[in-house]
Amino acid sequence: MDSIALAAWKRPELAFTIDYGQRAAATEVAVSRQVCAQLGIDHEVVCVDCSALGTGDMSSVAAADCAPASDWWPFRNQLLVTLAGMRCVVLGVSELMLGTVATDGIHADGTGPFFAALNQLLLMQEGALRVSAPALEFTSAELIRRSGVEAAVLAWAHSCHTGSLACGTCRGCVKHIEVTRELGVQPY
């Protein structure tokens with residue numbers, strides 16, 4: 001939901017979907033292609049199988065003992081930025097925007113200080129790529145309202161962490177249900 005709303009709000013020329021071996025990757029890729037087509041945004045998929053490194057709901061391995069939540073994948077946002085950033089540099093993209101929102105701060109890699117440090121790190125390297133999280137101060141519902149995303153586009157959102165169909169119980173599904181209710185829509 002957050003990435004769709006960010007794409008509708010900021011209208012980048014190009015959007016990336018990263019298949020890093022997460023359980024819902026196939027559906028995330030299909031949804032991203034559809035949404036980008038509807039929004040008129042070019043779309044690229046970067047595939048790098050890191051499934052052996054993951055833990056938690058998005059992988060097939062139990063969450064690590066140090067996990068702040070069941071959906072924690074060690075260094076996930078750092079990994080995603082690195083993989084997308086590698087492609088950005090090759091394509092001459094100058095800014096990589098992430099759909100991180102205020103509630104993502106449950107994870108250290110979903111906070112302002114993390115993104116500031118990551119931005120500084122990438123700017124030090126060849127390519128001078130900037131990283132931003134334009135919706136970091138918003139809740140998901142606030143971002144969706146601000147973005148003006150059409151309901152028919154947002155309806156494509158796949159939030160489940162555990163597979164291709166919504167399980168209804170993982171943190172991603174629960175967030176999806178809560179946000180749609182906050183927006184005044186009855187989910188499912």
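The expected span of a helix is taken as 1.5 Å times one less than its number of residues. In this predicted model, the helix α4 has twelve residues and reaches 16 Å from its first C-alpha to its last, which is close to the 16 Å expected at 1.5 Å a residue. Five names make up the buried set of α4, namely Phe114, Phe115, Leu118, Asn119 and Leu122. These residues lie on the same side of α4, because they cover an arc of only 130 degrees around the helix axis. Among the elements that cover the buried residues of α4 are the helix α3 (76-91) and the strand β4 (130-132).

Gly105 is partly exposed, with a relative accessible area of 37%, and, leaving aside residues up to four places away in sequence, Gly105 touches Gly110 and Thr111. The C-alpha atom of Gly105 is also separated by 8.8 Å from that of Leu136, a residue 31 places apart from Gly105 along the chain.

The cysteines can be considered next. A disulfide is a covalent bond between the sulfur atoms of two cysteines, and the structure holds zero of them. Cys47 is in no disulfide, and the nearest cysteine sulfur, which belongs to Cys50, is 11 Å away; Cys47 is exposed, with a relative accessible area of 54%. Cys160 is likewise in no disulfide, since the sulfur of Cys173, the nearest one, is 3.7 Å away, whereas a disulfide requires the two sulfur atoms to be within 2.5 Å. Cys160 counts as buried, at 2% relative accessibility.

Technical notes: Residues are numbered from 1 along each chain as its sequence is written. This is a predicted model: local features need pLDDT of at least 70, side-chain atom pairs count only at pLDDT 80 or more; totals for chains, interfaces and linings use all residues. Side-chain values use heavy atoms; hydrogens and water are left out. Buried means under 20% relative accessible area, exposed over 50%, partly exposed in between (1.4 Å probe, protein chains only). Contact means heavy atoms within 4.5 Å. Helices (H or I, at least four residues) and strands (E, at least two) are DSSP runs, numbered from the N terminus. The arc is that of the directions from the helix axis to the C-beta atoms.
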